Structures are given as structure tokens and as C-alpha cells.
Amino acid sequence: MFDLDFSAAHPLTAYGWDDGFAESFTPYAGQGIVPGRIVRVDRGRVDVVVPEGEGVRTVLADTALVATSDPMRVPCTGDWAVIDRENGLTGGHLDGVVRALLPRRTAFLRSTSSKRSEGQILAANVDHAVIAVSLADALDLGRIERFVSLAWESGAQPVVVLTKADLAGEPDTLAHLVADTESAAPGVQVLAVSSMTGAGLEVVTTMLAGGTSVLLGQSGAGKSTLANALLGEEVQLVQAIRDRDGKGRHTTTTRDLRALPGGGVLIDTPGLRGVGMWDAGTGLARTFSDVESLAEECRFHDCAHEAEPGCAVQEAVDNGELPVRRLESYRKLLRENQRIVAKTDARLRAEIRRDWKQKQALGRHMMERKRGPRK
């Protein structure tokens, strides 16, 4: 039977195991049942790191028992799982089966491109959401605000890492880029790094030690190069960088969790072409805390911040305190979030109606069987 006692010497401690997860696992403890952290998901099977002796081992487990059509409840990289090493195996080269997932503490979610407006979970049980932004391109502050809002909503601490800092030019130029990013992400640490020169990497390494971090960003943001630098080895293939613009092409294809040499673990993700909002009202409020604070001073509580008298937000725009770009970004993300929430509510109502009709039909069928055949 697996020993639930938690200590600094426990094999899974380096992967984030602690007293809280041990308590959640208690109801499942039994012969051949062990906890494990999912480090990779692939077509109904997962790679899971589990304790073995005084160390750990990565095993392949089947997820059929926890299969679901709900994309928000499927096994995800970073999940803690209940692994049965002895029972319920389907044969072949499988090492176990996932019997349950432990409750998630945090989850980074985005909306999919599906017309059904479904959510997608990118990483679970994350402490830091590291948003990689390449300085080989012009800063897109609106995209940064989008990522930061979703990161706050996930429950993780967002960190913005400006990669390829060696391409920024003069130190003053780099300082302005950092300041502009900080203005778009109040309360978020912004770090400029260069994987080529090593500048800034030590600060990032120290920050991420001891916890779980997920690395996010667009294709070509330098995530794979940054991941290799943090992990201290070439674990992600990095294609050649174009001389004319310093851009590399994205090569990461799966979400993989790996141990950092200085402590903690890192989840690297494929480049994201888009990150749609997903019920991120709280995250938006934190990202746009300056706009929200001004809105509290408006004369009308339902002020749209357009042409209403006594609008503190418009007054701040007029006197230069609040950039027009930031207000427009706030409005855009707020509208998008409201639409996805409305669509999600409508889908849930439709599902409830469908379930109700199915239960009604089943009830009628049972009544007819109880009455017996008509004479």
C-alpha cells in the first residue's frame, strides 16, 4: 500500500506532491493504488510519474475509466491522478490505469475555435503562468492583456517574459519595452531575457524553483529555446532562426511536464495561434484594475464609459491618464468574455432541457412497461 505520509524526502515532492494532495488521495489508497502526476497526454493514454521504491518512474496508463465528453474534465498535463498498477489493465505494454483525477487547484483555460463554444484546459495545478513574448516583433499589448487575464483567472501567478532581448537594441529601448509591458499588466512581474546571452535567465530560474510553471505564448515566441535554457538540456527541438527577423518556427507539439534542475517543474505547451476568453471576468478585473478603479468614480453605476456625464474613465482618457488603446482593449475583451459566457449558459440550458426530455421519455417508457401490454 502507498505511504501517504508527506515529507521533504518523498519521491513525488519534487513534482509538487504535498499534504493537500495526500489528503485528497486518502479515500483511494489500497493495494496497487498509487498517486501519479500526468506529464503527457496522448490519445487516451497518459505518461505518469509515480513513486517506485525511493525514487520515481514514468509509466504509461490508460484513461478509459475517466473518459468523458466534457473537455473541461479530461485528463490534462499537470493533473494528479489515482493510478491502479495492478487491476483493470487492458494488456499490451500498459503499466496501469487512471481510476480518478484528484481535485485541481488551478486550471488554465481558453475557449476553443469550436462553434459550440467549448472550453479547453491547457494545464492543471499550476503556480506560475509564464507568458513568453518575443521582442523580435512589435509588442502587441492587447495580446499580453488577453494572456494575463486568463492567467489571473486560472488561479496562477502570471509572469511576462520578454524573450530575445538581445534583439531589442539599446538598453533604453529595452527599458521602454519593459515599461510598456508593465503598463499592460499591473501587478505582474515583467522580465527581459535572452537565451542567446543568458541575460535574465537566472532571475527566471530562481522565481520558478519549487513550484509548477506553464510556459505559454504564440508560435515563434522563443518558448522552446527558453524551455531548453531553463531545463539545462536540449529537450525541445528548435529550428533555425531566420537572419532577417530573428524568428524561429514553433516545434513543440505536445504539453510536456519536466523537472527543473533548480527545483520545480515546467509544462511546455505548443504555440497558441489564439487564446479566446473563457469566463474570465475576475481575471479581466485584475488585468484592468486601473480602468475598474476609475469606473468606481463614475456618476452612474452602469456607465458605459462612452458619452455619459460624470464619466471618470473618459475624463482620465481626455487628460492622458488612461491610454485610449487600453480602454479599447478592455472593452474588446469584456465584450468577448460576455459573449462566451452567454453562449456557454445557453449550451448548458440546452443540455439541461435535453436531459429532462430524456428522463421524461424514460419515465413514460417505464410506466408503459409497468402497465403491461394493452388488451
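This is a predicted model: local features need pLDDT of at least 70, side-chain atom pairs count only at pLDDT 80 or more; totals for chains, interfaces and linings use all residues.

The questions below go from the whole chain to single residues.

Biologist: What percentage of the contacts with a separation of 6 or more joins residues 24 or more positions apart?

Modeller: A contact here means heavy atoms within 4.5 Å. Among contacts in the protein with a separation of 6 or more, the part from residues 24 or more positions apart is 65%.

Biologist: Why is helix 5 described as largely enclosed by the rest of the structure?

Modeller: The buried residues of helix 5 are Lys-223, Ser-224, Leu-226, Ala-227, Asn-228, Leu-230 and Leu-231. They pack against several elements, including strand 8 (128–134), strand 9 (157–163) and helix 4 (201–208). Helix 5 spans residues 223–231 and is called largely enclosed because the buried ones number 7 of the 9.

Biologist: Are helix 4 and helix 5 roughly parallel or roughly perpendicular to each other?

Modeller: Their axes are 10 Å apart and the packing angle is about 70°. Leu-201, Val-204, Thr-205 and Leu-208 of helix 4 make the contact with Leu-226, Ala-229 and Leu-230 of helix 5. Angles of 65 to 115 degrees count as roughly perpendicular, so helix 4 and helix 5 are roughly perpendicular.

Biologist: Which residue follows helix 5?

Modeller: The residue in question has a positive phi, near 75°. It is Gly-232.

Biologist: Is Leu-231 buried or exposed?

Modeller: Leu-231 lies in helix 5 and touches residues that include Ala-259, Leu-260, Pro-261 and Leu-266. Its relative accessibility is 9%. The limit for a buried residue is under 20%, so Leu-231 counts as buried.

Biologist: What separates the C-alpha atoms of Arg-258 and Leu-231?

Modeller: Arg-258 lies in strand 12 and is partly exposed, with a relative accessible area of 24%. Arg-258 is also among the residues that Leu-231 touches. The two are 27 residues apart along the chain, and their C-alpha atoms are separated by 8.0 Å.

Biologist: How far apart in space are Leu-231 and Gly-262, C-alpha to C-alpha?

Modeller: In sequence, Leu-231 and Gly-262 are 31 residues apart. In space, C-alpha to C-alpha, the value is 8.7 Å.

Biologist: Which residue has the backbone oxygen that the side chain of Ser-111 reaches?

Modeller: Ser-111 is found in strand 6 (residues 107–111) and is buried, with a relative accessible area of 12%. Among the residues Ser-111 touches are Glu-118, Gly-119, Gly-276, Trp-278 and Ile-340. The backbone oxygen reached by the Ser-111 side chain, at 3.2 Å, belongs to Met-277.

Conventions: Residues are numbered from 1 along each chain as its sequence is written. Side-chain values use heavy atoms; hydrogens and water are left out. Buried means under 20% relative accessible area, exposed over 50%, partly exposed in between (1.4 Å probe, protein chains only). Helices (H or I, at least four residues) and strands (E, at least two) are DSSP runs, numbered from the N terminus. A polar contact is a pair of N or O atoms within 3.5 Å; within protein, one must be able to donate a hydrogen and the other to accept it, and residues adjacent in sequence count only if both atoms are side-chain atoms. Axes are lines fitted to C-alpha atoms, for helices over the stretch in contact, and angles run from 0 to 180 degrees between N-to-C directions. Angles under 35 degrees count as roughly parallel, over 145 as roughly antiparallel, 65 to 115 as roughly perpendicular and the rest as oblique. Lists of a residue's contacts leave out its neighbours within four places in sequence.
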